[in-house]
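Hi,

Here is the structure I promised to pass on. My notes on it follow below, and I hope they are of use when you open the file.

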Amino acid sequence: MGAVTTMDPESGRQHGTSPSPSPSPSASAQGKVAKSGAALTSGLAARLGPQGKHYVCGSLAAFTNIIITFPLQKVLFRQQLHGVRASEAVRQLQRDGLRNLYRGLLPPLLQKTTTVAIMFGLYEDFSRLLLRHASGSGTPEIVTRSISAALAGTAEAVLTPFERVQTLLQDHRHHGRFNNTAHTFRTLLRDYGVRECYRGLVPVLLRNGPSNVLFFGLRGPIKQRLPEAHSRAEHLVNDFVCGGVLGAGLGIMFFPLNVAKSRAQSQVGGAFVPCSQVLMTVWRERGGSVVMLFRGAHLNYHRSLLSWGIINATYELFLKLM
């Protein structure tokens, strides 16, 4: 991936022939804050080391993305769960009221910041370890990196309970039963046990590993085919386009698995139904139409384009700044 340039220290300089005025108290304060921020960033980077910073940059990138795109994700979730049009999903959210718009934010915030940190961090760690051991075996690097990406994606599935709780909190049918994240976890564990928290694990596993392999495998080639960047803004645009195109494409490819996951995780208690059976049930309920099975895919495309564009661009930016 291309590097992202850091902030130009000269960018705030006044231009002209007259002498620069002495700094005001506010300018001096801003200078102290900037120096403190730079010192903090340098200190954090020194503590984390060359590998640890990938985890932090991934987490910060995911945090930025979740805050921006959460309302759009709720509209998409309603479409996946009920098979309704985007306009009806928006009307459902309007009826729920503004106070419920960010209901269920904490689980994806915790889950996504952690999983994206794992995604980037473990990929780098596994790649480093496997490349070191495969250096004398003649194993192609693409194979080693593909295995690293799949292992990182599989490790992310440990956090499936956060997706599970997010699903229950976003489903309006459970608004009267579950109050918040902590209450939902307590209820599931008390009444059903740990296993209930991992309902929908199979579609998560089927989605995470292959999507990681494709994301990390195609990110470099796509970036190389974009116009060469010469400025900070151009680097950000290229990273956004690269991540967005990949995220949107993978979102469409694995959309049925997300439909199966949402349907399975909206159930509380009862038998654990196989992923294939859940998909067949949804397909039959929607008139045996593949188009209906993909209802919400267009919104998912735009959400993934925006989300993974933000994640990839901010990840590269934070990585350079640290």
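Seven helices each supply at least two residues to the lining of the largest cavity: H1 (25–82), H3 (106–134), H5 (160–170), H8 (201–225), H9 (232–253), H10 (255–265) and H13 (297–321). Helices here are DSSP runs of H or I with at least four residues, numbered from the N terminus. H1 gives the most, with eight residues.

This is a predicted model, with pLDDT of at least 70 needed for local features and 80 or more for side-chain atom pairs, while totals for chains, interfaces and linings use all residues. Residues are numbered from 1 along each chain as its sequence is written, and side-chain values use heavy atoms, without hydrogens and water.

The count is one cavity of 30 Å³ or more (on a 1 Å grid over the protein atoms alone, points where a 1.4 Å probe fits but cannot get out; lining residues have an atom within 4 Å of a point). About 800 Å³ of space lies in the largest cavity (the space filled by probe spheres set on the points, which are joined across faces, edges and corners). Its lining has 39 residues, and closest to the centre are Lys 112, Arg 207, Asn 258, Arg 303 and Trp 308.

H5 also packs against H6 (residues 181–191), at about 110° with axes 10 Å apart (lines fitted to C-alpha atoms over the stretch in contact, with angles from 0 to 180 degrees between N-to-C directions). The two helices, H5 and H6, are therefore roughly perpendicular (65 to 115 degrees).

Best wishes

How values were computed
On a 1 Å grid over the protein atoms alone, a cavity is a set of points where a 1.4 Å probe fits but cannot get out, and a pocket is an open set with protein on both sides within 12 Å along at least five of seven lines; lining residues have an atom within 4 Å of a point. Angles under 35 degrees count as roughly parallel, over 145 as roughly antiparallel, 65 to 115 as roughly perpendicular and the rest as oblique.
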